[in-house]
Amino acid sequence: VPAGGSVEVNYHAVNGRTGKVFDDSFSRGQTASFSLAQVVPGFKKGLEHQQAGSRVVIAMPGTAGYDAQGGNPQAGIEKGDTLIFVVDIVATELSGPKGKAVEPKKGLPTVIGDKEPKVTIPKSDPPTKLVVQPLIKGTGKKVTDKDLITVNYQQVGWSDGKVIDQTYGQKPQTGQLSTLIGGWKKGLPGQTVGSRVLLVVPPSEGYPKGSETPKVDKGETLVFVIDILFTQEAPPTQ
């Protein structure tokens, strides 16, 4: 589990003062997914650097729990209460693609390299329709069109082969798939966590009028290399 990364877990939570269960995902029959940047300090400290597949017991004093919020009256937690969690780590954010290599179709851009891919554009006209080509097939959860996805990506222009934008060497980005460009919304549902996917996106599915951020000229076909590191159901809109 990377520092500040995302996890999918089952958990059982007990108030150490009262002995009462105040939350339990096992009984609901549904796992919970979240970023460790969004939880109380004791939960974050207890899960970082643990392995997917592990069961972890976390006992946190109030100072590492809800003391900073004055407790959590709705859950029966008072300031100073020690909390005990039993956590099964179902899945965690990956550091890179993980799966079986897939032989791509001929005539597509070639991709080499792991930590920072290098894309070579063929000397041919770009395709006029969206191309979706898995390069590595992961074995994780399937992405849905309603998900919040965490990815590394590189964006390259077909016309000159230059990198327009990328997250490699920086921090993976998380975003709601339904808010992204058409090529991503159409090309990523059904792909699996751990996969590396090549998308060739025509202007109509990318930036039909061009874009200033990132800088994309009108009419440009875009090539994306996308490593799917984690996916979770997006929270409901308020």
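**Close-up views of a predicted model**

**View 1. The second largest pocket and its lining.** The second largest pocket is lined by 17 residues. Nearest its centre lie Tyr-11, Asp-23, Phe-34, Val-39 and Tyr-66. The elements that give two or more residues to this lining are strand 1 (6-15), strand 2 (21-24) and strand 3. The space in this second largest pocket comes to about 390 Å³. By class, its lining residues divide into twelve nonpolar, three polar and two charged. The model shown here, as in every view, is predicted.

**View 2. The largest pocket.** This pocket has a volume of about 790 Å³. Its lining counts 38 residues. Closest to the centre are Ser-6, Phe-34, Ser-35, Thr-150 and Gln-232. Strand 3 (32-35), strand 10 (147-157) and strand 14 (222-233) are the elements that each give two or more residues to the lining. Sorted by class, the lining of the largest pocket holds 13 nonpolar, 15 polar and ten charged residues.

**View 3. A cis peptide bond at Pro-214.** Look at the link between Thr-213 and Pro-214: the peptide bond is cis. Its omega is about 0°. Pro-214 sits in the loop between strand 13 (196-201) and strand 14.

**View 4. His-49, a residue with positive phi.** His-49 is not a glycine, yet its phi is positive, at about 75°. Find His-49 in the loop that runs between helix 2 (41-47) and strand 4 (55-60). Is His-49 buried or exposed? His-49 counts as exposed, because its relative accessibility is 61% and exposed means over 50%.

Key. Residues numbered from 1 in each chain as written. Predicted model: local features only at pLDDT ≥ 70, side-chain atom pairs only at ≥ 80, totals over all residues. Heavy atoms only, no water. 1 Å grid on protein atoms, 1.4 Å probe; cavity = no way out; pocket = protein on both sides within 12 Å on 5 of 7 lines; lining within 4 Å. Points joined across faces, edges and corners; volume = space filled by probe spheres on them. Helix = DSSP H or I, 4+ residues; strand = E, 2+ residues; numbered from the N terminus. Nonpolar A, V, L, I, M, F, W, Y, C, P; charged D, E, K, R; others polar. Buried < 20%, exposed > 50% of the residue type's maximum accessible area, 1.4 Å probe, protein only.
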